Amino acid sequence: MEYTLFFPTPWDQVNPENDNIDVCLTFSDGRSYTFVVATPENLKRLMAQECKPWLTPGTPMLVAEKLTEEVVIRIMEELVQDDSLLIRYGSDL
């Protein structure tokens, strides 16, 4: 099935080593999902901001070693192969 990706944040504003990014995925049948992809360093920064050694459950995040457009597209290519992953990690819009 065909799909399109949209990145609300321009890639030149993303820190590949320490950041997170929203990814919007829309299928040709109208289904839409939003994902959050973060780096391990970003998760550490979020814990430090909360002054806690853990993150509380919230929006599920996908974790990538590095945030580049190529890496995120590869993640999305794998997720679209399995509806259960789309539901688990994405927010249905």
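The chain has a mean pLDDT of 93, and 98% of its residues reach 70 or more; pLDDT is the predictor's confidence in each residue, from 0 to 100. The model is predicted, so local features need pLDDT of at least 70 and side-chain atom pairs count only at pLDDT 80 or more, while totals for chains, interfaces and linings use all residues. Residues are numbered from 1 along each chain as its sequence is written, and side-chain values use heavy atoms, without hydrogens and water.

**Confidence by element**
- Helices (H or I, at least four residues) and strands (E, at least two) are DSSP runs, numbered from the N terminus.

**Strand β1**
- Thr4 belongs to strand β1 and touches Cys24, Leu25 and Thr26, not counting residues up to four places away in sequence.
- Contact means heavy atoms within 4.5 Å.

**Aromatic residues**
- Tyr3, Phe27, Tyr33 and Phe35 make up one aromatic cluster.
- Rings of Phe, Tyr and Trp (its six-membered ring) pair if their centres lie within 6.5 Å; planes under 30 degrees apart count as stacked, over 60 as edge-to-face and the rest as tilted.
- The structure holds 4 aromatic pairs; one of them joins Phe27 and Tyr33 edge-to-face, at 6.3 Å centre to centre and 90 degrees between the planes.
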